[in-house]
Structure formats: C-alpha cells, structure tokens
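Subject: Structure handover

Hello,

I am passing on the structure we spoke about, followed by notes on what was found in it. Please read the notes with the structure open.

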Amino acid sequence: MAQAISKPAVLVVEDDAMIREIVSDVLEGADFDVLYANSTQAAFQALDGSARIVAAFLDVDLGDQGGGGYLVARHGRASRPDLTVIYTSGGSQENFARERVTGGVFVPKPYLPSRVLTMIQDAVRGAESRPH
C-alpha cells in the first residue's frame, strides 16, 4: 500500500472570520492544508502542534492583546527557520521594518487572495528546491 504524501500546511492567523474563510478557501483549492487561528495563543498552539506548517499568513493586529502577527512570526521562526511569513493589516505599516522577521513581506488590506496564494506557492517551490 502506498503511503499518503502529506500536503504542505499553511497557518492563517486572522481575527476576521470572513477574511480567514476567503483566504483559506483559496489555499485549500490550491491543495494546501490550512490551519486556522483567530488569536495569538491559538496561533502558538497551531505552530507547536504541527510540524508540516511551511508558511504563515498573519494579521499583525489581532486585537487580542496577545502580541499579534509579529510575535507569532518570531515564535514560528524559533522552530522553523525557513518558515515563509506574510503579514497583513488594514492599518499602518509603520512598525513593519522594525518588527518583521527576516524575509517577511507585507500585503496591505484590501488584497486579492490570489496574490497571497501566488506568494505562498512561490515560497514553497523555492523551499522545496533548496538542498536539505
């Protein structure tokens, strides 16, 4: 019996349920497994519980007083140095240069979910082509 090949997983951290669902639907349609989180703590649990996460799409302003996307990215990179990080926000980008992890990119709201998908697909392809 052939062993099932697991799909790469993407963590979507967004406190707006509608946005989270739209982005997740696009990613799932492109054959990614999607893990969802609507708070900083839920994102930490997802990162600590799944070794298959290759990318994180993070709202920087979660409104939960837990630290938001910047803190989630640092937590994720502690165990996954190659984690692709894409930040988003409908607010200011003034803290981005200071708070982002190396290589993290910012997509301002509103955005096209297809743009996020393309960024994640490109990053995953790039990671797969690097020697391990």
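Helix α3 spans residues 68-79, and its buried residues are Gly68, Gly69, Tyr70, Val72, Ala73, Gly76 and Arg77. Please note that this is a predicted model. The buried residues of α3 pack against α2 (40-49), β3 (53-59), β4 (84-89), α4 (96-99) and β5 (105-108).

Strand β4 is mostly covered, with six of its six residues buried. On one side these are Thr84, Ile86 and Thr88, and on the other Val85, Tyr87 and Ser89, so that both faces are covered.

β4 pairs with two of the elements named above. β3 and β4 run parallel and are joined by five bridges, and Leu58 has Tyr87 in β4 as its bridge partner. Going from β3 to β4, the chain passes through α3, and this β-α-β crossover is right-handed. β4 also pairs with β5 in the parallel sense, over four bridges; here Tyr87 stands opposite Phe106.

Leu58 and Tyr87 come up again in the largest nonpolar core, which has 22 residues: together with Leu11, Val13 and Val85, they touch the most other members. At least two residues of this core come from each of β1 (9-13), α2, β3, α3 and β4. The most come from α2, which gives four.

Beyond its neighbours within four places in sequence, Leu58 is in contact with Val13, Gly69, Val72, Ala73, Val85, Ile86, Tyr87 and Thr88. Another core, of 15 residues, lies apart from the largest one and includes Leu27, Val34, Phe57 and Ile120.

Regards

Methods
Residues numbered from 1 in each chain as written. Predicted model: local features only at pLDDT ≥ 70, side-chain atom pairs only at ≥ 80, totals over all residues. Heavy atoms only, no water. Buried < 20%, exposed > 50% of the residue type's maximum accessible area, 1.4 Å probe, protein only. Contact = heavy atoms within 4.5 Å. Pairing = 2+ DSSP bridges. Right-handed = clockwise from strand over helix to strand, strands pointing away. Core = buried A, V, L, I, M, F, W, Y, C linked by side-chain atoms within 4.5 Å.
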